[in-house]
Amino acid sequence: MGYIGVFICLGFFFLNRLKDSRIYNPLSIMSLYWSILLLLCSLNLTDSFETSDKAYALIILGVIFFAFGYLASNKYIFKLRSKSENYLYSNKFNNNDFNKSLFFILTVIALTSSIAVFQSVLVYFQSGYGLYDIRYQFISEIYGEGYADVLNVYIVKPVGYIMTVYSVTAIINKQKYAYLQFLIAVLLLTLQIVNTGGRLVMLFLLVSLLFCVFLFREKLHFSFRERTIFFLLITGVVGSLFYVSIVRESNLIENLYDYAVSSITFLSICLKKYDSGKLFAYTYGYFSWYGILNVPVNVMEFITRLDMSTTVNNLIKFLSSPTMVSDHILYNWFATAFFRFYADLNYWGVIINSFIWGCICRYTYRNWIKVQNFRNLFVYVMVTYGIVVSCMTFVFSDVSMVLSIIYIYILTNEKLNKNRKTCQLTEEREK
């Protein structure tokens, strides 16, 4: 069944190439990415437990309806003319509409909060504990349910995502203080790694760096010095990932393979448990779109006193339970984006959510093609990163990632920035 999925995914990849030659469009990335993952899982290089046909079918169904949503939105929803595809290199990228003053305030809050948490983490390091212990033993004690956890989810992580992409584009466009901004981004991400013991933020930095460089490759010309700097940056990020893995007493290559491929086997196991237990009601989109619906649902629960989160909380506990996916690999949490879709409304959940996901990806791609500004670039990077981590989870189920997109729309709000520029002009005239 896995090989059938490879054939179908590659079919979408080559068919879409006839329509859009740019390999970095979301449908090409999605179809090629999952064809590779399905192939690796079918080859079973790590002797994982057998993956069920249902798990493969779920993924295939998801990719198919992602493609349908992507293609249908192009033809019927957004009515984008083919000639507008030529916008990509005709517009000059600019991020002047970005509210730097407001973002500076958010950055200061994020840094202050991260440093405060690091002081607590430092006590554990001095006691002889490592990142693995921080990750799996003391994370609840460090963050708890107080302000530190709230700031981490609502400020620190979203600001880190934004600063990462912003600093990379600042370097590419040779802006003033670009490398200082990049160092601040790296500092935020490093503190995030140390404070939580996680590594996905470094993966986000790597994806952002590579994707932005690839995206601007024909538009910008790098000198030998700039190419050397970018090579060192990429080497540094990859080296950091290896270093963190060594500190956590794990192998990075094996971990990346396990995260990407073993997630399909874990999906198979989760589906079997989910279907046999019948312990969960459908979540009707809440589990998949948790990052968007979490706050509105909490408000509704507070007003109506209805319990709408129990099933989602039970599913979170269900995924968090460590499970053997082979004789030597213990796995949890990352059951691919398609399990969340399935928990929403069975196969219909996979069909509907995948279709909407494809529409969103097409919409962000269209926006970037038409107008090259920082807002469209950042959302497009987030969507691309979402495809990369779809082997683990669904990007819109993460509150911090969704908030980073919301913050971008606030930071690039035309009225807000217009008022700011008006105030600046008034001050200059008074002087």
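Guide: A disulfide is a pair of cysteine sulfur atoms within 2.5 Å. By this rule the count here is zero disulfides. The model is a predicted one, in which local features need pLDDT of at least 70 and side-chain atom pairs count only at pLDDT 80 or more, while totals for chains, interfaces and linings use all residues. Residues are numbered from 1 along each chain as its sequence is written, and side-chain values use heavy atoms, with hydrogens and water left out.

Visitor: What makes Cys359 buried or exposed?

Guide: Buried means under 20% relative accessible area, exposed means over 50%, and partly exposed lies in between (1.4 Å probe, protein chains only). Cys359 has 13%, so Cys359 is buried. Cys361 has 0% and therefore counts as buried.

Visitor: How much of the chain do buried residues make up?

Guide: They make up 52% of its 431 residues.

Visitor: How many helices and strands does the chain have, and what counts as one?

Guide: There are 16 helices and two strands. Both are DSSP runs numbered from the N terminus: helices are H or I with at least four residues, strands are E with at least two.

Visitor: Why is helix 2 called roughly parallel to helix 14?

Guide: Two packed helices are described by the angle between their axes and the distance between the axes. Axes are lines fitted to C-alpha atoms, for helices over the stretch in contact, and angles run from 0 to 180 degrees between N-to-C directions. Helix 2 (residues 26-43) and helix 14 (residues 374-388) pack at about 15 degrees, with axes 10 Å apart. That angle makes the two helices roughly parallel, as angles under 35 degrees count as roughly parallel, over 145 as roughly antiparallel, 65 to 115 as roughly perpendicular and the rest as oblique.

Visitor: Which residues meet where helix 2 packs on helix 14?

Guide: Contact means heavy atoms within 4.5 Å. Pro26, Ile29, Met30 and Tyr33 of helix 2 meet Tyr380, Thr384, Ile387 and Val388 of helix 14. These residues divide into seven nonpolar, one polar and no charged. Ala, Val, Leu, Ile, Met, Phe, Trp, Tyr, Cys and Pro count as nonpolar, Asp, Glu, Lys and Arg as charged, and the others, Gly among them, as polar.

Visitor: Where is Phe287, and is Phe287 buried or exposed?

Guide: Phe287 sits in the loop between helix 10 (252-277) and helix 11 (290-304). Its relative accessibility is 0%, so Phe287 counts as buried. Leaving aside neighbours within four places in sequence, its contacts include Val312, Leu315, Phe339 and Arg340. Phe287 and Arg340 are 53 residues apart in sequence, yet 6.0 Å apart in space, C-alpha to C-alpha.

Visitor: What is the phi of Tyr284, and what of Thr336?

Guide: Most residues other than glycine have a negative phi. Tyr284 has a positive phi, near 50 degrees, and Thr336 has a positive phi near 70 degrees. Tyr284 is in the loop between helix 10 and helix 11, and its relative accessible area of 64% makes Tyr284 exposed. Thr336 belongs to helix 13 (residues 336-370) and, at 2%, counts as buried.
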